[in-house]
Amino acid sequence: MQKLRRIFRATAVRLTVLYTVLFGVLAFGVVAYVSWNLGNIILSQLRSTIDEEVQELAVGFQRGGLRPLISIVELRSRAPGANLYLITDASSRIIAGNVYDIDRRILMKDGWTLPPFEYLRFDGQTEKLSVAFARVFSLPGGLRLLVGRDLGEAQSFRSTVQQALGVSFVVLLLTALALWFFVGRRALKYLDRVSRSSDQIMSGDLSERLPLSGSGDEFDRLAGSLNGLLAKVEKLDKGVRLMSDNIAHDLKTPLTRLRTRSETALAKSDPNAQREALEAVVEDADGLIKTFDALLMISKVEAGVRAANLSTVDLTSVVRDIHELFEPSAEAEEIKLSLDLGPHIKVRGNRELLAQALTNLLDNALKYGSDNASPHIQVSLAREGDTAVIEVADNGRGIRDEDRERVLERHVRLDPSRTTDGAGLGLGLVRAIADMHLGTLRLEPRLPGLCAVLTLPMPDDRASIARS
């Protein structure tokens with residue numbers, strides 16, 4: 001009983017029951033309508049047949065009177081498949097015809113007999129009770145004439161239709177039961193599998209996925225969408241765990257150093273030494289604040305907080321300004337910093353974030369691309385179709401192929417000892433900014449060195465002017 005209740009709670013089963021009931025009502029209505037119309041057609045044909053008989057008898061009566069009429073009735077009554085004929089006198093005694101017995105009240109009123117009546121018909125050696133439809137006339141001398149037609153064929157047809165209707169409902173019921181069993185059982189099995197997978201996911205196993213039947217139906221499409229959502233949640237969960245571990249690892253050293261320098265400053269009596277120690281403490285604190293600011297900006301960008309501040313940005317001007325900003329630093333470190341600007345390019349975006357992304361790319365290039373006898377960093381901006389392409393290339397040591405994608409994640413640093421400055425957030429922020437602008441960030445190898453390629457979609461010129 002419990003399993004039956006579960007089956008009827010399934011949407012597929014309820015829909016099957018609903019469609020079966022609707023189809024049954026529709027089928028019954030169609031059969032009833034056809035049966036009623038065919039019955040009317042048969043009655044109309046019987047009326048026409050009786051009227052023709054009456055006209056022929058009327059012609060015979062007009063030509064010869066009563067005796068030829070009785071002869072014609074007697075002759076036609078004996079013909080195979082004959083209509084009903086009956087002539088009675090004023091006392092309702094049967095004079096001629098093929099009716100053995102009839103309710104005398106039927107003959108009292110002229111016209112069509114409604115509803116049909118029962119009568120006894122002499123059929124060879126037997127008497128047969130039948131139903132007929134007739135027309136009654138008055139004749140001279142109190143005689144009565146009845147001309148009719150047996151309704152046995154119509155009743156047979158109606159019986160056939162009723163049997164067909166009964167068989168149709170039986171077949172419909174069996175089909176519905178089979179559908180209930182098949183659909184309900186299949187739906188329950190699938191829901192049980194989904195329930196087990198959901199329980200496993202809720203228990204903490206984010207690697208579990210909802211089952212797919214491979215049929216491509218709506219359940220598979222829904223399960224595929226949810227599996228995509230689960231994959232993203234799993235990726236974010238792993239990112240949060242990794243970020244937590246890396247934050248703990250990255251902040252432990254500067255916090256320990258901060259505490260040590262603070263204790264050193266307290267222990268020193270020389271004001272100048274205390275000042276130097278406090279300046280080192282402030283520098284470490286600034287580094288920590290910078291790390292948290294970068295994390296906060298990545299979170300805001302990924303959450304789309306800055307998406308509302310999009311406008312038409314002169315990307316050529318942004319690249320030129322950032323290049324000029326880094327020129328003094330490059331000259332101080334004896335690094336050649338060149339700029340190659342193509343045609344004037346505008347994009348739809350956030351100027352502050354785009355400037356931050358280019359700043360991070362140049363900062364990485366200056367930090368890791370300087371280990372060359374003649375260090376050179378090339379910044380270029382070009383247009384490829386409907387895409388703006390920014391490239392920051394260096395001739396440093398580059399990155400291994402297996403690390404090229406991993407380094408774009410948060411808190412990933414290629415220095416295992418983590419002795420270099422930074423928290424591994426620069427490229428992660430650039431990729432987040434690229435994603436927010438519907439662009440991409442990829443790292444391509446150079447011999448020697450590395451090239452960071454940032455692509456941004458360019459809007460239609462007319463749309464860009466309208467927005468600005």
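# Briefing: cavity, sheet and backbone features

The lining of the largest cavity is made up of 3 nonpolar, 2 polar and 1 charged residues. The structure is a predicted model. The chain contains 10 helices and 14 strands, and 36% of its 468 residues are buried. Of the contacts between residues at least 6 apart in sequence, 59% join residues at least 24 apart.

**The cavity**

- Over the whole structure, a search finds 1 cavity of 30 Å³ or more.
- The largest cavity holds about 30 Å³ of space.
- Its lining consists of Ser35, Gly39, Ile42, Ala154, Phe157 and Arg158. Two or more of the lining residues come from each of α2 (11-64) and α4 (152-202).

**The five-stranded sheet**

- An open sheet is formed by 5 strands in the order β9-β11-β12-β14-β13, with mixed pairing. β9 (336-341) and β13 are the edge strands, each pairing on one side only. Direction ignored, neighbouring strands of this sheet are turned by 15° against each other on average.
- Helix α7 (residues 315-332) packs on the sheet and touches β9, β11, β12 and β14 (450-457). The direction of α7 makes about 170° with that of β9.
- Helix α8 (residues 351-368) lies across β9, β11, β12, β13 and β14, and runs at about 25° to β12.
- Strands β11 and β12 run antiparallel and are joined by 8 bridges. Within this pair, Leu381 stands opposite Ile390 in β12.
- Strand β12 also pairs with β14, in the antiparallel sense and over 8 bridges. Here Ala388 stands opposite Leu456 in β14.
- β14 pairs in turn with β13, again antiparallel, over 6 bridges. Leu441 has Leu454 in β14 as its bridge partner.
- Strand β14 is largely enclosed by the rest of the structure, because 7 of its 8 residues are buried.
- The hairpin of β13 and β14 has 4 residues between the strands, and Gly449 takes a positive phi near 105° in this hairpin.

**The β8-β10 pair**

- Strand β8 (residues 311-314) and β10 run antiparallel and are joined by 4 bridges. Asp314 stands opposite Lys346 in β10.
- Side chains alternate along β10 (residues 346-349).

**The loop at Asp386**

- Asp386 is located in the loop between β11 (376-384) and β12 (387-394).
- Asp386 counts as exposed because its relative accessibility is 57%, and the cut-off for exposed is over 50%.
- Residues up to four places away in sequence aside, Asp386 touches Leu456, Pro457 and Met458.
- Asp386 and Pro457 are 71 residues apart in sequence, yet their C-alpha atoms are 6.2 Å apart in space.

**Backbone exceptions**

- Most residues other than glycine have a negative phi, and most peptide bonds are trans. The residues below depart from one or other of these patterns.
- Leu114 and Pro115 are joined by a cis peptide bond, with omega at about 0°. Pro115 belongs to the loop between β4 (111-112) and β5 (117-123).
- Ser92, a residue other than glycine, has a positive phi near 65°. Ser92 lies in the loop between β1 (84-88) and β2 (94-97).
- With 16% relative accessibility, Ser92 counts as buried, since the cut-off for buried is under 20%.
- Leu438 is not a glycine either, and its phi is positive at about 60°. The loop between α9 (426-436) and β13 (440-445) holds Leu438.
- Leu438 counts as exposed, because its relative accessibility is 71%.

How values were computed
Residues are numbered from 1 along each chain as its sequence is written. This is a predicted model: local features need pLDDT of at least 70, side-chain atom pairs count only at pLDDT 80 or more; totals for chains, interfaces and linings use all residues. Side-chain values use heavy atoms; hydrogens and water are left out. On a 1 Å grid over the protein atoms alone, a cavity is a set of points where a 1.4 Å probe fits but cannot get out, and a pocket is an open set with protein on both sides within 12 Å along at least five of seven lines; lining residues have an atom within 4 Å of a point. Grid points are joined across faces, edges and corners, and a volume is the space filled by probe spheres set on the points. Ala, Val, Leu, Ile, Met, Phe, Trp, Tyr, Cys and Pro count as nonpolar, Asp, Glu, Lys and Arg as charged, and the others, Gly among them, as polar. Buried means under 20% relative accessible area, exposed over 50%, partly exposed in between (1.4 Å probe, protein chains only). Contact means heavy atoms within 4.5 Å. Two strands pair if DSSP finds at least two bridges between them. Axes are lines fitted to C-alpha atoms, for helices over the stretch in contact, and angles run from 0 to 180 degrees between N-to-C directions.
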